[in-house]
Amino acid sequence: MSISEANNSSGSVSEFILLGFPCRRDIQIVLFVMFSLIYLLTLMGNTSIICAVWSSRKLHTPMYILLANFSFLEICYVSSDVPKMLANIISQTKSISYAGCLLQFYFFFSMCAAEGYFLSAMSFDRFLAICRPLHYPTIMTHHLCARLVVFCWAGGFLSILMPAVLMSRVPFCGPNIIDHFFCDLGPLLALSCAPVPKTTLTCATVSSLIIFITFLYILGSYTFVLRAVLRVPAGSGRNKAFSTCASHFLVVSLFYGSVMVMYVSPGSRSHPGTQKFVTLFYCMATPFFNPLIYSLRNKDMKDALRKVLGTLSKEIPKNADK
């Protein structure tokens with residue numbers, strides 16, 4: 001593998017080397033096959049949820065519209081870093097351009113922020129549906145749902161705009177070797193050839209605010225939801241409400257648990273192996289498990305998925321005959 005410090009005419013780094021998973025070639029091939037399979041299954045799972053919501057009129061409600069957008073977000077989220085990681089596993093150079101690294105940083109963390117906003121919007125929807133059921137149809141209209149969707153997408157990209165601009169001004173003189181599989185914040189700042197306290201403080205403040213504000217809001221919402229569900233007499237209504245909220249909270253726990261270990265735990269950043277494992281979990285495992293969690297615990301979603309799969313199974317033989 002070539003690990004040259006490629007510099008441009010101005011003396012700054014023009015590309016970075018992503019070490020990824022330095023191991024024997026046969027193990028790298030196994031990792032490539034395994035990660036490729038997880039990536040494809042993630043795309044298929046989240047795409048199937050989008051198709052199910054789009055094809056079933058019964059699912060044209062705010063909860064499922066938010067879920068479909070969340071699934072599309074997961075596709076964008078996992079595609080912001082995994083394809084490059086897979087390419088670098090089988091590549092000899094393992095390089096990424098300076099501009100490509102900054103773009104990957106911006107899009108990955110924008111999707112990460114948008115995921116927190118969407119999880120907050122979904123918890124708000126469940127809070128209204130369970131704690132304010134009589135007011136739910138008048139409050140959670142399709143107009144409000146559309147505004148929430150726009151806010152989550154725009155908020156994700158705008159939240160990371162300032163950190164991305166500041167990162168573009170960080171001086172990189174060399175070395176250009178990142179001991180990670182994508183352009184993460186910590187490894188990038190570690191390569192700076194001059195102290196950048198303002199950039200470090202701004203990035204830490206923005207990430208902490210997004211993580212803790214959204215997490216505390218979600219936690220508060222589901223606390224009220226849980227109290228309301230426990231007051232409902234035992235029966236199908238209580239079981240359905242509890243099952244829906246349990247699946248939502250499980251997704252929240254997977255995402256925020258791994259993110260907090262990565263960006264809040266003081267010792268996690270000092271160990272590259274731990275850093276890679278935790279990052280791999282929240283950037284690949286959570287988008288992979290989310291479709292399973294939402295579809296397996298929701299009868300309406302399972303029925304819509306069966307309908308979509310049934311339609312596809314009928315169309316494939318027809319196209320083959322043609």
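**Exercise 1. Determine whether Phe21 is buried or exposed in this predicted model.**

Solution. The relative accessibility of Phe21 is 18%. Burial requires a value under 20%. Phe21 therefore counts as buried.

**Exercise 2. Classify the ring pair of Phe21 and Phe181, and state which parts of the chain the pair ties together.**

Solution. The ring centres of Phe21 and Phe181 are 5.6 Å apart, with the planes at 15°. Planes under 30 degrees apart count as stacked, so the pair of Phe21 and Phe181 is stacked. Phe21 belongs to the loop between strand 1 and helix 1 (25-55), and Phe181 to the loop between strand 3 and helix 8 (185-190); the pair therefore ties together parts 160 residues apart in sequence. Both residues also belong to one aromatic cluster, whose members include Phe35, Tyr77 and Tyr282.

**Exercise 3. Characterise the aromatic pair of Phe16 and Phe172.**

Solution. The whole structure contains 22 aromatic pairs. In the pair of Phe16 and Phe172, the centres are 5.3 Å apart and the planes stand at 90°, an edge-to-face arrangement. Phe16 lies in strand 1 (residues 15-18), and Phe172 in the loop between helix 7 (161-168) and strand 3 (177-178), so parts 156 residues apart in sequence are tied together. Phe16 is buried at 1% relative accessible area; Phe172, at 4%, also counts as buried.

Note on methods. Residues are numbered from 1 along each chain as its sequence is written. This is a predicted model: local features need pLDDT of at least 70, side-chain atom pairs count only at pLDDT 80 or more; totals for chains, interfaces and linings use all residues. Side-chain values use heavy atoms; hydrogens and water are left out. Rings of Phe, Tyr and Trp (its six-membered ring) pair if their centres lie within 6.5 Å; planes under 30 degrees apart count as stacked, over 60 as edge-to-face and the rest as tilted. Helices (H or I, at least four residues) and strands (E, at least two) are DSSP runs, numbered from the N terminus. Buried means under 20% relative accessible area, exposed over 50%, partly exposed in between (1.4 Å probe, protein chains only).
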